[in-house]
Amino acid sequence: FMGVPWADLQDDKKCEEALWRALSSLRRVRQAGESFTYQNQLVAAAGLAAAAAVAETPPGESLLHRYERLLGEKIFHPRGMQESGLYPRSSNVAKPQWVGADGTVREMHGAVLLNKYRKTAAPAGLIWSSAADMAKYVTAEM
């Protein structure tokens with residue numbers, strides 16, 4: 001996003017409130033067009049805002065649950081993607097990996113690390129899926 005500082009999501013039990021609190025203090029540091037920085041907080045907020053605008057909310061349902069339901073209704077279910085979601089749906093998922101400073105690819109131990117940020121990171125692109133389900137998604141998009 002142009003003109004805003006880099007910021008990532010933080011683990012917080014009150015995830016939506018923490019996200020909105022962080023965004024309320026976000027200030028432009030450059031004029032639009034001077035620089036570009038990927039900013040997870042704004043991407044996550046956009047996903048939650050889309051869920052708020054598109055999906056009806058049963059009483060007591062959080063924006064995250066609305067987002068998750070919307071993914072199922074609009075993306076996963078119509079394509080027959082039964083192994084995809086915000087949580088691993090089966091053991092048939094790729095293990096998270098990262099590249100170390102020496103260039104070696106390593107397994108990120110514990111999906112817990114990724115799931116710890118699931119509540120706020122989900123709309124910024126967190127999806128668990130199998131290769132078969134991703135093939136269904138790619139085929140549908142082609």
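## Burial and surface

Buried residues make up 33% of the 142 residues in this predicted protein model, where buried means under 20% relative accessible area, exposed means over 50%, and partly exposed covers what lies in between (1.4 Å probe, protein chains only). The accessible surface comes to about 9,000 Å², and 57% of that belongs to carbon and sulfur atoms. Those areas come from the Shrake-Rupley method with a 1.4 Å probe, and for residues only the protein chains shown count as cover.

A few ground rules: residues are numbered from 1 along each chain as its sequence is written, and side-chain values use heavy atoms, with hydrogens and water left out. Since this is a predicted model, local features need pLDDT of at least 70 and side-chain atom pairs count only at pLDDT 80 or more, while totals for chains, interfaces and linings use all residues.

## Confidence

pLDDT is the predictor's confidence in each residue, on a scale from 0 to 100. The protein averages 77, and 77% of the residues score at least 70. Confidence is lowest in helix α4 (residues 111–115), with a mean of 53, and highest in α6, at 93.

## Overall layout

The protein has six helices and two strands, and from the N terminus on they run α-α-α-β-β-α-α-α. Helices (H or I, at least four residues) and strands (E, at least two) are DSSP runs, numbered from the N terminus.

Contact here means heavy atoms within 4.5 Å. Of the contacts with a separation of 6 or more, 61% are between residues 24 or more positions apart. For a pair at 12 residues apart along the chain, take K95 and E107: their C-alpha atoms are separated by 6.7 Å. K95 lies in the loop between α3 and β1 (97–99), and K95 is exposed, with a relative accessible area of 51%.

## The nonpolar core

A nonpolar core is a set of buried Ala, Val, Leu, Ile, Met, Phe, Trp, Tyr and Cys residues joined through side-chain atoms within 4.5 Å. The largest one has 16 residues, and L19, L23, L48, Y67, L71, L86 and A122 touch the most other members. The elements giving two or more residues to this core are α1 (15–24), α2 (40–54) and α3 (63–76). Of these, α3 gives the most, with six residues.

What does Y67 touch, once its neighbours within four places in sequence are left aside? Y67 is in contact with G47, L48, A51, L86, A122 and P123. On α2, G47, L48 and A51 are among the buried residues, as are N40, Q41, V43, A44 and A45.

## Helices α2 and α3

α2 has 15 residues and reaches 21 Å from its first C-alpha to its last, close to the 21 Å expected at 1.5 Å a residue. α3 has 14 residues and reaches 18 Å, close to an expected 20 Å. The expected span of a helix is 1.5 Å times one less than its number of residues.

E68 sits in helix α3 and is buried at 18% relative accessible area. Leaving aside its neighbours within four places in sequence, E68 is in contact with L86, Y87 and R89.

## Salt bridges

A salt bridge is a side-chain nitrogen of Lys or Arg within 4 Å of a carboxyl oxygen of Asp or Glu, and by this rule there are five. In one, R69 meets E61 (2.7 Å, N to O); in another, E73 meets R69 (3.4 Å, N to O). E73 and R69 are four residues apart in helix α3, so about one helical turn separates them. R69 counts as partly exposed at 27% relative accessibility, and E73 is partly exposed too, with a relative accessible area of 41%.

Over in α6 (residues 131–141), K136 and D133 are three residues apart, so about one helical turn separates this pair. Their side chains meet in a salt bridge (3.7 Å, N to O). Why does the spacing matter for direction? An α-helix has 3.6 residues a turn, so residues three or four places apart point the same way. K136 is partly exposed at 36% relative accessibility, whereas D133 is buried, with a relative accessible area of 2%.
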